[in-house]
Amino acid sequence: MPVFWGKFTVFYFCVISCCSLNFVRLEDDLNIPAIAKYFNTKGRYEEVNPYLRDDILAVNTSILQLPSAQCREIHLTAIIRHGTRYPTTKSIKEMQEFYNIVRHNASGEQSWLQEIQTQWTMWYTEDMDGRLVQKGVNDHRHLAVRLSKLFPSLISEKNLRGGLIKFITSSKHRCVNSTLSFKAGLTELWTITDQEFEHAVNDALMRFFDQCTRFVEEVDNNPSAMTELDKFREGAEMKRVEEKIADRLGVEYSLITDDMAEAAFYLCAYEFAIKTVNSPWCRLFDEVDAQVMEYANDLKQYWKRGYGYDINSKSSCILFHDLFSRLDNTVSENQLGQPVTEAVTVQVGHAETLLPLLTLLGFFNDSDALTSTNYATQTQRSFRTSHMLPYAANLLFVLYDCGGGDLRLQPLLNEKPVMFPGLTDQKASMPLYQDVKKHYRDLLQGCDFETECQLFKSPA
């Protein structure tokens, strides 16, 4: 019997005890929407790593190409997005509005449309508001087990019992419950029933964007910051998607706005992410439409959390310094021959936690900015949130001691090795730790959260 914690016990008990494991086998691929790979931050983790559809606990240890047999991992920091969640209240209201349009205005004999109008009911309620679903519980339980298989000397029963695995989370319920789920994945794996494991709530680290005044004022609460997105949503590509949706439903073009097109896209995405259902809502989009919808969402993330504005990434300075502080502490302890006091740090946050940090580190930076006018030339862009930020997305930093003072740092995104941008002289994507620090020296010496986030006043 797993151990439960605090005020979230009732929630956790219900979702664990009442529901079984939920994953898609390869023979069920027909139940996967053809457009599932375009769902941006509403996508399943299994679309990023399709092999998990066959075995949700599968790992491939051969991806870790160590420079020598002497290398041993001495620390892991895992920055993880919460698991699959319900839509927010705002999205649910728009989905309800679109559903009403279809139910009352759509005409047609297509079987999928008849299914929506006669069989499908609007089961999303506003009080769900972004809460973790059963699939999200499983996302983190399974991830915990996979990471323990990938890094067995770090994520071990001994280290967990010994307090060498630290857990930090955003205060949002979906993050706290994801953290509980991650811990439960480990305690169930090792049948630990005699000990509880604490977690710390730290919004300064995991929701830094809320506390960065300059970001809030200049970007988050500034409508003009999203000009490129607004232009694209009013442009020819989006208008064509809206018209095609209207044609498929047999309704007037004026009824299908950009918000309604987004609501339709979300209905398809959430039905699949939460219930593993290839719902009739997905029939409203072909692949070309889905690519346009994906680009619109990428534009939003690019300008609101990514490379669009410098403050987007600089808002994550506090998390950046926290990461390197932990790494430096481990290096110091290791060099002094002392036991490492923090073998693993698990930090659970949001897509809005991960993307600014990925941007600060230089990942997925295309040569041309994403704009409202270059959709056609951005088909091969690397900045694709569908690939980067599915539910339970994770950014890992693994520190290795390869002997003789040879310390190396391996970054992984969604359990796959990635290369630090701009560090070309690497060995198997695992550069010397000192080379990484040298590469980011300007950020390490600067990138002060308080300074960057101060709202500069215009001179009188």
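**Strands, salt bridges and disulfides in a predicted model**

Strand E5 (residues 394-401) and strand E6 pair in the antiparallel sense over seven bridges; pairing here calls for at least two DSSP bridges between two strands, and the strands (E, at least two residues) and helices (H or I, at least four) are DSSP runs numbered from the N terminus. The model is a predicted one, with local features needing pLDDT of at least 70, side-chain atom pairs counting only at pLDDT 80 or more, and totals for chains, interfaces and linings using all residues. Residues are numbered from 1 along each chain as its sequence is written, and side-chain values use heavy atoms, with hydrogens and water left out.

Within this pairing, Asp401 sits opposite Leu407 of E6. The two strands make a hairpin with five residues between them, and Gly403 in the turn has a positive phi of about 90°. As for cover, seven of the seven residues of E6 (407-413) are buried, that is, under 20% relative accessible area, against over 50% for exposed and in between for partly exposed (1.4 Å probe, protein chains only). Leu407, Leu409, Pro411 and Leu413 point one way from E6, while Arg408, Gln410 and Leu412 point the other way.

Turning to charged pairs, the structure holds 33 salt bridges, each a side-chain nitrogen of Lys or Arg within 4 Å of a carboxyl oxygen of Asp or Glu. One of them brings together Glu287 and Lys37 (3.8 Å, N to O). Glu287 belongs to helix H13 (287-304) and Lys37 to the loop between H1 (9-18) and H2 (45-48), so this contact ties together parts 250 residues apart in sequence. Glu287 is partly exposed at 38% relative accessible area, and Lys37 is partly exposed too, at 47%. The side chains of Glu342 and Arg326 meet at 2.4 Å, N to O, and both residues are buried. These two are also linked with Lys166 and Asp322 in a network of salt bridges. Lys437 and Asp328 form another bridge (3.0 Å, N to O). With Lys437 in helix H18 (433-439) and Asp328 in helix H15, the pair ties together parts that are 109 residues apart in sequence.

Four disulfides turn up in a search of the whole structure, each a pair of cysteine sulfur atoms within 2.5 Å. Cys212 is joined to Cys453 (S to S 2.1 Å), and the link is left-handed, with -100° about the S-S bond. This pair spans 241 residues, from the loop between H8 (203-206) and H9 (213-220) to the segment after H20 (449-452). Cys268 and Cys282 are bonded at 2.0 Å, S to S; here the torsion about the S-S bond is about 95°, so the disulfide is right-handed. Both cysteines of that pair are buried. In the disulfide of Cys317 and Cys447, the sulfur atoms are 1.9 Å apart, and a torsion of about -85° makes the link left-handed. Cys317 and Cys447 are both buried as well.

Numbered in sequence order, the bonded cysteines pair as 1-6, 2-8, 3-4 and 5-7. Cys175 itself is buried, with a relative accessible area of 0%.
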